[in-house]
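Visitor: I am new to this structure. Please show me how to read its features, one at a time.

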Amino acid sequence: MRLAVSSCLLGEKIRFDGGHKRDRFITDELSAFAEFIPFCPEHLAFGTPRPSVRLVSVEGTIQVHSNKSGNNLTDALIQTSRDELSRLESQSLCGIIFKSKSPSCGMKSAKLYLENGYCEGKEDGVFMHLCRERFPLLPMEEEGRLEDAWLRENFVMQIFAYDAYEQFKATNPSIGDLVRFHTINKFMLQSKDEALYRELGNIVANRENHTLQTLLGIYELGFKTAIARKSSIKKTRNVLEHLAGFFKSELTKSEKEILHTQIDDYASKIIPLIVPSSTIHLYAKKYNTDYLLDQTFLTPYPKTLSLRSHISSGK
């Protein structure tokens, strides 16, 4: 996969003070599965080191001002942001990770000031705003939010699902291939959005007799919209219960009780998701339940990332 990442998060010393904000999860763990495309419009616009800047609300518009001189630097940062955007457009990205709180890259985390110096709230950074407009379906997150285990798992699941669809699309798929792709992603999609999963099923049924090219385009929009939704404990629990039902004839009473206790404990935030999902995966292997073994929900990304080993902070 190709992921665009704020340069300072990769350890490049291009912060305003000449430092960096290397993120170990990105550089030490995600790096095994992705190629990184660095970006930093502030460095391109103002060099390093440089005076810090802030977002300022002026008569209904958002400007970029120097903290040192108060000069309006908006045009310069917008120009380099557009330059970086043009460069990223050609990279076939599967996601972008931004530096939190940055006036150029923050995702609703950059402080927005009034002209009198008071903080009015928080906004998208200049470059982030352009990316949001240009790449509405592309997975995006900032490193500050990725410190939350639940948000991290959701984002990583999304980028791997996005990449899976891009690889699928590149195979010149048939309608049968689309049916299989939808089938193996059933429970992952249900853990995101049940209604969208059902919509996608109706799309695959193709009752309106669209051409294959049109059908794939409609499905892609729905699939990428669905994987952007955050999973929840409630939705995930429903999926786990559904998966457990595949073994109702094979398991002993005691085994059923243990599995359902694990699911209940996950829902109560006592144990992490890896416990019931691993038990289900074990039973799927034991009883040769190929339908479940094919499901991306059970292995949505490489297990070495260990993202389901934390107690969920989600709802």
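Guide: Start with a pair of helices. The model is predicted. In it, α6 and α9 are roughly parallel to each other, because angles under 35 degrees count that way.

Visitor: How are two packed helices described?

Guide: Two packed helices are described by the angle between their axes and the distance between the axes. Here, α6 covers residues 175-184 and α9 covers residues 212-227. They pack at an angle of about 15°. Their axes are 11 Å apart. The crossing of the two is left-handed.

Visitor: Which residues of α6 and α9 make the contact?

Guide: From α6 come I175, L178, F181 and H182. From α9 come L212, L215, L216, Y219 and F223. Of these contact residues, eight are nonpolar, one is polar and none is charged.

Visitor: Where do nonpolar side chains tend to be in soluble globular proteins?

Guide: They tend to be buried together. In this model, the largest nonpolar core has 76 residues. I96, F98, M140, Y219 and F223 touch the most other members. Helix α5, residues 149-169, gives the most to this core, with nine residues. There is also a second, separate core of seven residues. V53, L77, L112 and V126 are among them.

Visitor: Which residues does F223 touch, not counting those up to four places away in sequence?

Guide: The list is A161, Y165, F181, N185, M188, L189 and L200. One of these, F181, also belongs to the α6 side of the helix contact.

Visitor: How far apart are S31 and R87, in sequence and in space?

Guide: In sequence, 56 residues separate them. In space, the distance is 21 Å, C-alpha to C-alpha.

Visitor: Let us step back. How many helices and strands does the protein have?

Guide: It has 13 helices and eight strands. The C-alpha atoms fill a box of roughly 75 × 50 × 35 Å along the principal axes. Of the 315 residues, 49% are buried.

Visitor: What share of contacts between residues at least 6 apart in sequence joins residues at least 24 apart?

Guide: That share is 67%.

Key
Residues are numbered from 1 along each chain as its sequence is written. This is a predicted model: local features need pLDDT of at least 70, side-chain atom pairs count only at pLDDT 80 or more; totals for chains, interfaces and linings use all residues. Side-chain values use heavy atoms; hydrogens and water are left out. Axes are lines fitted to C-alpha atoms, for helices over the stretch in contact, and angles run from 0 to 180 degrees between N-to-C directions. Helices (H or I, at least four residues) and strands (E, at least two) are DSSP runs, numbered from the N terminus. Angles under 35 degrees count as roughly parallel, over 145 as roughly antiparallel, 65 to 115 as roughly perpendicular and the rest as oblique. A crossing is left-handed if the near helix is turned anticlockwise from the far one by less than a right angle, and right-handed if clockwise. Contact means heavy atoms within 4.5 Å. Ala, Val, Leu, Ile, Met, Phe, Trp, Tyr, Cys and Pro count as nonpolar, Asp, Glu, Lys and Arg as charged, and the others, Gly among them, as polar. A nonpolar core is a set of buried Ala, Val, Leu, Ile, Met, Phe, Trp, Tyr and Cys residues joined through side-chain atoms within 4.5 Å. Buried means under 20% relative accessible area, exposed over 50%, partly exposed in between (1.4 Å probe, protein chains only).
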